[in-house]
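Dear colleague,

Here is the structure I promised to pass on to you. Please have it open while you read the notes that follow.

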Amino acid sequence: DSVINRIAAGEIIQNPSNCVKELIENSIDAKAKQIQVNTKQNGLYIQIIDNGTGILKENLEILAERFTTSKLRKYEDLEKMSTYGFRGEALASIAEISRLTVQTKTRDQLFAYKAQYIGGKLIEEPTTLAGNQGTTITIDDLFYNVPMKTKTMTNDQFSKIFDVVSKYAIHNHRISFGLKKNDEKNNVIKTQPSDTPINAIRLIFGNNVANALIKVFIENIGLKFNLQGYVSKTDFNALKKGQFILFINHRNVESKSLKKALFEDVYRKILNVSVIPFIYLSLEVDPRSVDVNVSPTKHEVHLLNEDLIVESIKNVVHETLMKTNE
Ligand code: ADP
Ligand code: MG
C-alpha cells in the first residue's frame, strides 16, 4: 500500500510551500492569533507554532490517518464551509512522506502532549509535558521516502514559502505571522495584528509599496459579491515588487482571467503602465457559485457569472485609478 500512498501524498503536497499553506490553514481554522513558521534545509524542515485551540489527546492517535477531520459534519456543510480544511488529507499526506511531530495543548487539558509519526503511524504513546495552549507541528525530512521529489527540491523553495506566508499574513491581518529561515536571528516576515491589510503589506513589502496603494471596493447587492482590496497607483515603480494576490472566500486562488483583465487590459492597455502593478483583492461570493477547491493542488478557480464579476472589478479599478490621477 505504501508506495501508492506516498505517490498520492506527493501529489497533494507537491513542494514545501504547499505544506506550509496547509499548516497555516489548519492554524487559522484552530483560531490561532499567532502563527510562527520556521524553515530550514530549503523547506525540507518546517515547524509551525500556533496558539490556537490545540488538539485533544484522544485525537492524536488517528490524527495522521486519511480522512481524519474535525471540520466536516454533514454533506451540507460543504456548501457553507467556513474553515479551510474539510478533507482530512493534509496531515495524513504530510505524515506519509516525512517525520512528523505534533506537540499540542488544549485550554482545558492540564498538560501538553507530544506525538511522533513515521509513515503516518504513531510510533509510541504520546508523551506528556508542560506547554502553552496551541499546537506545534514539526516536519522533518520532507520527501525522504519519495526519491523523485528530493531531486527536484534542489532549486529555491524558500521564496515560494515566503510567497505563501506573505499572502496569508496580508489577508489574515488580524493574526500576527512570523517566518524564519535557517536559524537566522531575525524573522524574514514579522507582522503585528492590525485592522487593515496595509500594515502587513508595509511590514513585508516596505513603504514604497504600501504608500503606492489605493483602496478599491465593491458592495454589489445585485450580483451578490463583495470586493475589497488595494491596487498600486499608475506611477508605482518599485521594481520587482509587482504582485497579484487574490483571495476568494478567504482561499488563496489564481484567476488567469481576472489577472489578465487587470494587468493587461486596465494597467497596460488603457493606462499605459509598463511596470507590474501590486494588487491584493479579497472577493466574497456566494459559496455555491464557486467551484469548491476539491483538490488542494487546484488553485485556478472558476466562478458563476465570472465575466460579469471580472468586468465589474475591471471597471472599479479603472475608475479608482482615474480618480486618483485627476
Ligand atoms: P482538515 O484541515 O481538512 O480537517 P488536516 O489533515 O489538515 O485536515 O487536519 C486534520 C485535523 O487535525 C483537523 O481537522 C484538526 O482537527 C486537526 N488539526 C490540524 N492542525 C491543527 C492545529 N494547528 N490546531 C488544532 N487542530 C489541528
Ligand atoms: Mg487542513
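Gln228 has Ser282 as its bridge partner in strand 14, where strands are DSSP runs of E with at least two residues and helices are runs of H or I with at least four, both numbered from the N terminus. Please bear in mind that this is a predicted model, in which local features need pLDDT of at least 70 and side-chain atom pairs count only at pLDDT 80 or more, while totals for chains, interfaces and linings use all residues. Residues are numbered from 1 along each chain as its sequence is written, and chains are lettered from A and ligands numbered from 1 in the order in which they are written.

Strand 11 (residues 225–232) and strand 14 run antiparallel and are joined by seven bridges, two strands being counted as paired if DSSP finds at least two bridges between them. Strand 14 is also joined to strand 12 (residues 243–248), here in parallel and through six bridges, with Leu283 as the partner of Ile248. Of the eight residues of strand 14 (residues 278–285), six are buried, a residue being buried if 20 or more other C-beta atoms, placed from the backbone, lie within 10 Å of its own, exposed if 12 or fewer do, and partly exposed in between.

On its other pairing, strand 11 meets strand 10 (residues 213–220) in the antiparallel sense over eight bridges, and Glu219 stands opposite Asn226. These two strands form a hairpin with four residues between them, and Lys224 in the turn has a positive phi of about 60°.

Turning to helix 2 (residues 16–29), its 14 residues reach 20 Å from the first C-alpha to the last, close to the 20 Å expected at 1.5 Å a residue, that is, 1.5 Å times one less than the number of residues. Because 12 of these 14 residues are buried, helix 2 is largely enclosed by the rest of the structure. Its cover includes strand 1 (34–40), strand 2 (45–50) and helix 6, and just after helix 2 Lys31 takes a positive phi of about 65°.

With best wishes

Note on methods:
Contact = placed C-beta atoms within 7 Å.
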